[in-house]
Amino acid sequence: MGRIVGIDLGTTNSLVAYLDPQTGQPKCIQGPYGSTLCPSVVSLDPDGSIAVGEPARRRLLTQPERTIYSVKRLMGRGPADIQDELKLFPFRIDPSSKNVIRVKLGGKVFTPPEISAFILRELKNWAEAHFGETVDRAVITVPAYFNDAQRQATKDAGKITGLEVLRLVNEPTAAALAYGLHETQRGKVAVYDLGGGTFDISILKLISTSDGDIYQVLSTNGDTHLGGDDIDNLLQAFVHELILQHDEIDFSPHGELAQELRKALIDVKHQLSESETATLRFPLPNGKVFIHKFTRCALDALIRPVVDRTMGPVKQALADVQLKPTDMDEVVLVGGATRTPLIRRTVQEFFGRPPHIELNPDEVVALGAAVQADILDQGVKTMLLLDVTPLSLGIETYGGAVAKIIPRNSTIPASAQELYTTGVDNQTGIDIHVLQGERELARDCRSLARFTLRVSPAPAGLPRIEVKFLIDANGILQVGAKDLRTGDQHSIEVQPSYGINHSEIERMLEESIEYAEQDFAERQVIEARTESESILVATAKALANPQSAALSAEERAKIEASVAALRESVAGSDYKLIRKRIDELNRATEHLAELLMNSAVSTALEGRKLAEV
Amino acid sequence: MSNNSGYFELFGLPRKLWIEMGALEQKFLQLSWKFHPDNFVNASEHERELSLRRSSELNDAYRTLRDPVGRVEYLLGIEGARKEGEHKQQAPPELLEEVFELNESLDGLREAKAAGGDLATLKLRLESAEKKFQEKLGEVDAQLQAAAREWDAALQGDAATRKKIMAKLNELLNHRSYIRNLVANVQKELL
């Protein structure tokens with residue numbers, strides 16, 4: 001058996017972590033670019049190969065039509081669900097999409113689980129490169145408020161990757177688990193988790209028993225379409241409007257320029273988490289540079305609606321278990337977006353206590369997943385997670401109403417039995433429609449599955465079929481039926497309303513192996529070589545430019561030595577060494593890059609690398 | 001598929017309606033350690049199936065027994081004494097007049113909403129009616145508690161007495177669900 005890892009499959013970034021047996025502490029694995037964060041971006045090259053993470057993110061600017069980000073927003077959803085997202089995100093939906101969305105990347109079409117599978121495979125590669133061993137099992141985290149279809153889609157992504165998904169763990173629960181290792185916390189804990197695209201709030205109770213510690217989730221709530229992305233969208237719309245007014249440039253919201261602006265604005269947002277002001281300098285196609293000074297105050301006013309939207313679910317989660325904000329013994333902040341000072345302040349004021357921020361909010365979920373992966377892998381248990389289902393499970397009854405059979409916040413696994421019979425003589429089928437949600441009418445809830453119970457012809461009311469609806473420990477629905485007269489188990493083919501069927505998954509698994517055939521290390525070498533190529537060309541060109549005369553002899557010698565060292569490393573196949581040499585050359589050419597920029601643009605391009613000039 | 005062991009038996013409890021919550025929780029946690037699927041990830045498929053079944057049953061049992069009303073409903077169900085009201089939509093006789101008034105106010109509010117009329121007075125009337133029915137709900141709950149105590153006391157008693165108590169519990173449950181629906185309807189209109 002291979003190794004087991006914990007994976008945080010995020011909207012913006014994904015991470016992979018494991019439990020270090022030496023320290024007993026969870027640890028995130030670094031990728032080839034020196035970061036533990038793998039941008040959740042996938043790009044299809046014209047030659048048919050797939051790039052994931054950092055290289056794909058760069059392609060957002062150069063090949064947006066072949067590149068996709070925030071695919072998590074599409075998981076488990078149908079075309080009709082995502083009309084709002086389409087206004088804000090550059091998803092290119094294929095017209096062939098029926099229940100399952102299909103996204104176009106260049107000339108090819110993929111489902112969201114397939115795209116997520118590319119990200120999972122990349123992380124699997126990171127881990128395998130780190131261990132020097134195969135990785136075949138994983139715990140993957142999902143937003144606590146994910147419904148059945150979204151969870152199923154995540155599990156499918158794991159299958160397509162060839163990973164055995166031992167458990168889907170809710171992100172806030174994973175975070176609590178990671179914190180539990182750091183300090184002894186007791187009592188009630190609120191976990192506020194604002195990620196790139198999803199928001200969750202979970203209320204937990206930490207209990208010490210003679211068998212070990214129990215993390216019992218009491219209630220959970222959230223919004224699977226609310227996150228840091230929404231803050232970026234607000235910023236982008238605000239600046240688009242300003243540029244339209246000042247410079248009369250109306251650029252298409254999804255083009256290259258928009259992507260570049262988005263990137264610049266995210267930098268501004270990050271700066272404003274640290275300081276009171278930040279300045280956006282953005283070169284426009286008309287040769288001018290758009291300059292705007294942001295204050296933290298102005299940012300706060302702009303993003304206040306997003307922060308306010310999180311508080312409804314927070315209040316609901318507390319109300320569901322009759323608790324007050326002050327009943328919480330601890331509050332934990334999770335997700336990159338919680339670095340925003342306004343969010344920290346709002347949460348602190350609401351609960352009346354400073355939140356925990358000791359662990360890196362980007363890493364904490366992956367760390368918790370690694371802890372749970374280790375718990376599942378070990379025979380000896382010292383910790384137990386009891387999680388809940390975020391949404392009520394119901395069945396459609398007469399007149400389109402919904403009868404709730406498993407209420408939200410029920411500890412999972414949970415089940416309910418319903419007895420069915422026929423209404424007319426010789427009826428051969430009973431239609432059953434399963435839904436998830438809190439509303440009273442079927443049309444307002446999320447359709448999970450429809451199926452028909454087959455019955456042998458008999459007088460009306462005579463057949464007695466017991467259907468068992470079970471939500472498993474992953475929060476995924478299973479259905480079984482038994483004929484009470486004969487004792488026979490019924491096999492039920494449940495066609496998920498928004499899922500992919502089994503044969504499709506098999507086909508996707510086969511196809512994904514084709515993409516995987518190119519060895520990970522080999523691909524890294526190719527990518528590093530391509531990058532050195534462009535930087536070597538750029539350097540040669542720059543050295544030929546008359547402006548370079550201003551370089552000192554010492555600087556020139558340093559550049560030449562770095563060029564030689566990079567050329568030498570490219571001949572070998574150590575991609576880490578190539579990357580190191582690229583960085584060295586980039587540093588050596590910083591002054592040269594500055595000299596080459598014309599004065600008007602130079603302020604906007606400060607800190608840029610030579611290859612980007 | 002169905003419940004092999006009853007919920008009370010699963011917790012080692014007699015079929016009594018008064019349950020000490022602390023002890024129930026302790027037992028729940030203890031059994032969770034034993035049954036939870038996390039403990040059977042590397043076990044055979046049969047064991048995993050069994051764990052899923054037992055742990056879901058445990059959670060269903062805890063959810064039911066923890067809730068005072070759910071507990072009565074469940075008990076009547078296993079005793080074969082749960083009968084939902086034959087005339088579900090009919091008001092209990094002693095509430096007839098108040099329900100009539102309430103429905104009039106509700107209709108009035110709906111009409112006023114549609115016509116864009118003045119809602120303030122109607123809302124006030126409904127709010128006071130809601131309060132009244134909430135109080136009724138409290139009364140029914142108190143009666144339910146009293147009947148539950150009777151049940152517990154008659155645990156060893158004769159069949160006829162027990163049957164009578166069960167009929168009373170059943171009626172109170174129906175009563176309760178009628179008032180609850182009423183309150184829910186009012187709350188919906190007041191939103």
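Here are some numbered notes on the model, starting with chain B and moving on to chain A.

1. Ground rules. This is a predicted model, in which local features need pLDDT of at least 70 and side-chain atom pairs count only at pLDDT 80 or more, while totals for chains, interfaces and linings use all residues. Residues are numbered from 1 along each chain as its sequence is written, and chains are lettered from A, with ligands numbered from 1, in the order in which they are written.

2. Chain B, the fold. For the record, helices (H or I, at least four residues) and strands (E, at least two) are DSSP runs, numbered from the N terminus.

3. Chain B, the overall shape. Along the principal axes, the C-alpha atoms of chain B fill a box of roughly 65 × 45 × 30 Å.

4. Chain B, burial and contacts. Of the 191 residues in chain B, 26% are buried. The cut-offs here: buried takes 20 or more other C-beta atoms within 10 Å of a residue's own, exposed takes 12 or fewer, and partly exposed is in between, with C-beta atoms placed from the backbone. Among contacts in chain B with a separation of 6 or more, 64% are between residues 24 or more positions apart; a contact means that the two C-beta atoms, placed from the backbone, lie within 7 Å.

5. R125(B). You'll find R125(B) in helix α6 (residues 120-153) of chain B. R125(B) counts as partly exposed because 17 other C-beta atoms lie within 10 Å. Between R125(B) and D60(B) there are 65 residues in sequence and 40 Å in space, C-alpha to C-alpha.

6. Where the chains meet. On the chain B side 16 residues are in contact with 25 residues of chain A. Helices α2 (21-35) and α3 (45-66) of chain B each supply at least two residues of that side, and α3(B) gives the largest share, six residues. By type, the chain B side splits into six nonpolar, seven polar and three charged. Here Ala, Val, Leu, Ile, Met, Phe, Trp, Tyr, Cys and Pro count as nonpolar, Asp, Glu, Lys and Arg as charged, and the others, Gly among them, as polar.

7. L280(A) stands opposite H292(A) in β16(A). Five residues separate β15(A) and β16(A) in this hairpin, and G287(A) in the turn has a positive phi of about 95°.

8. Backbone spots to check in chain A. Most residues other than glycine have a negative phi, and most peptide bonds are trans. Q322(A), in the loop between α8 (296-320) and β17 (330-334) of chain A, has a positive phi near 50°. Q322(A) is exposed because there are 9 other C-beta atoms within 10 Å. N426(A), not a glycine either, has a positive phi of about 60° and sits in the loop between β21 and β22 (429-436) of chain A. With 11 other C-beta atoms within 10 Å, N426(A) is exposed.

9. The cis bond. I412(A) and P413(A) are joined by a cis peptide bond, with omega about 0°. P413(A) lies in the loop between β20 (402-406) and β21 (414-420) of chain A.

Notes
Pairing = 2+ DSSP bridges.
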